[in-house]
Each structure stands twice: as structure tokens, then as C-alpha cells.
Amino acid sequence: MEINFTTPALLFPAISLLLLAYTNRFLALANLVRKLHDEYKRGEQNKIIIKQIHSLRRCIRLVRYMQGLGVFSFVCCVITMYTIYMNWVVAIKYEFALSLLSLLASLVISLIEITMSTKALELELSDIEEPAGFFSDLIKKKE
């Protein structure tokens with residue numbers, strides 16, 4: 001397989017958009033944490049708020065890892081282009097592979113973070129919704 005300048009250049013817009021999405025994700029989480037922190041300081045110190053804050057702290061940490069791996073992937077793409085320019089054939093493949101692997105790791109961590117954020121939202125809704133399930137749906141139909 002031959003890698004030319006356009007191969008790593010194709011990842012530039014994708015990585016840039018991912019980094020933008022990750023930054024937006026971080027800002028949304030940061031605003032939510034600030035809101036929950038204010039509620040906690042006002043004396044609304046229930047267990048749900050504390051659990052949400054702990055969960056969101058882990059999510060923010062994951063977003064930081066996602067961003068770091070995305071930036072590392074971007075740097076590897078730039079280094080790949082330099083190695084193509086210098087015609088270092090062996091380094092080209094390893095550098096591009098490292099870029100793809102770090103991008104993949106970033107996406108996997110993103111999936112984990114989305115799952116954790118969903119659990120935090122479920123905590124928020126747990127005190128205002130009835131438990132949903134097969135049996136509760138059957139009971140509602142009989143009534």
C-alpha cells in the first residue's frame with residue numbers, strides 16, 4: 001500500500017470536526033457541573049446531586065482523554081506528511097498507523113463517555129419518572 005500526501009490530509013477535516021465536538025461536549029459538561037455545584041452549595045445536598053457530580057467528573061476526565069488522543073492523532077498526521085515529504089518509507093506506515101489507532105481510541109473513549117453521561121441523565125430523571133419495564137407496561141394496559 002502506498003501512502004501519499006492526500007491520505008493523511010483526508011483525516012484533517014475529520015479530526016478537526018471531532019475536536020470541535022469534543023470541545024462542545026466539554027463545555028456542556030462544565031456548565032452542568034457548575035449548575036449542580038451551585039445547587040449543592042445552596043443546601044440541596046441530596047444523594048442524586050452528589051452521584052451526578054461524581055459521574056460528570058469521570059465524564060470530564062474522559063473528554064480530556066478524547067481530546068488528547070484527537071490532538072495526538074492530528075500531530076501524527078502532520079508527522080506522516082513530513083515523513084512522506086522526506087521519503088522515509090518505513091516511518092510513513094508506522095506514523096500513519098499510530099494516527100489511526102489514536103483516532104480509534106479517541107472514538108472508543110467517546111462512546112464510553114456517552115454511555116456514562118446517559119447514566120447521569122437517568123439519575124436526574126430517576127426521582128420524577130415511574131420505573132418503566134415489561135411488567136409496569138402490562139399493569140398500565142389492564143387499567
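This tour moves through the structure one selection at a time.

The structure is a predicted model, in which local features need pLDDT of at least 70 and side-chain atom pairs count only at pLDDT 80 or more, while totals for chains, interfaces and linings use all residues. Residues are numbered from 1 along each chain as its sequence is written, and side-chain values use heavy atoms, with hydrogens and water left out.

**The whole chain**

Display the chain as a cartoon. It has five helices and zero strands, in the order α-α-α-α-α along the sequence. Helices (H or I, at least four residues) and strands (E, at least two) are DSSP runs, numbered from the N terminus. Of the 143 residues, 27% count as buried. Here buried means under 20% relative accessible area, exposed over 50%, and partly exposed in between, with a 1.4 Å probe and protein chains only. The accessible surface of the chain comes to about 10,000 Å², and 67% of that belongs to carbon and sulfur atoms. These areas come from the Shrake-Rupley method with a 1.4 Å probe; for residues, only the protein chains shown count as cover.

**Salt bridges**

Next, select Arg25 and Glu113, whose side chains meet in a salt bridge (3.1 Å, N to O). Arg25 lies in helix H2 (residues 11–41) and Glu113 in helix H4, so the pair ties together parts that are 88 residues apart in sequence. A salt bridge is a side-chain nitrogen of Lys or Arg within 4 Å of a carboxyl oxygen of Asp or Glu. Side chains of opposite charge can pair when their charged atoms come close. Arg25 is partly exposed at 28% relative accessibility, whereas Glu113 is buried at 0%.

Then select Lys35 and Glu39, which also form a salt bridge (3.5 Å, N to O). Being four residues apart in helix H2, Lys35 and Glu39 are separated by about one helical turn. Lys35 is partly exposed, at 43%, and Glu39 is buried, at 14%. A search of the whole structure finds two salt bridges.

Select Gln52 in helix H3. Gln52 is buried, with a relative accessible area of 5%. Leaving out residues up to four places away in sequence, Gln52 touches Leu36, Ala120, Leu123 and Glu124, where contact means heavy atoms within 4.5 Å.

Move to Ser110 in helix H4, which counts as buried at 14% relative accessibility. With residues up to four places away in sequence again not counted, Ser110 touches Tyr22 and Met66.

**Surface patches**

Now select Arg57, Arg58, Arg61, Arg64 and Lys119, which form a positive surface patch. Patches are made of residues with over 30% relative accessible area and no salt bridge; like charges are joined within 9 Å, and nonpolar side chains (Val, Leu, Ile, Met, Phe, Trp, Tyr) within 5 Å. Lys and Arg count as positive and Asp and Glu as negative, with His and the chain ends not counted; the place of a charge is NZ of Lys, CZ of Arg, CG of Asp or CD of Glu. Helix H3 (residues 47–86) gives the most to this patch, with four residues. Lys119 is in helix H4 (residues 89–125) and is exposed at 53% relative accessibility.

Finally, select Phe5, Tyr82, Tyr85, Met86 and Trp88, which make a nonpolar surface patch of about 560 Å². Phe5 is in the segment before helix H1 (6–9).
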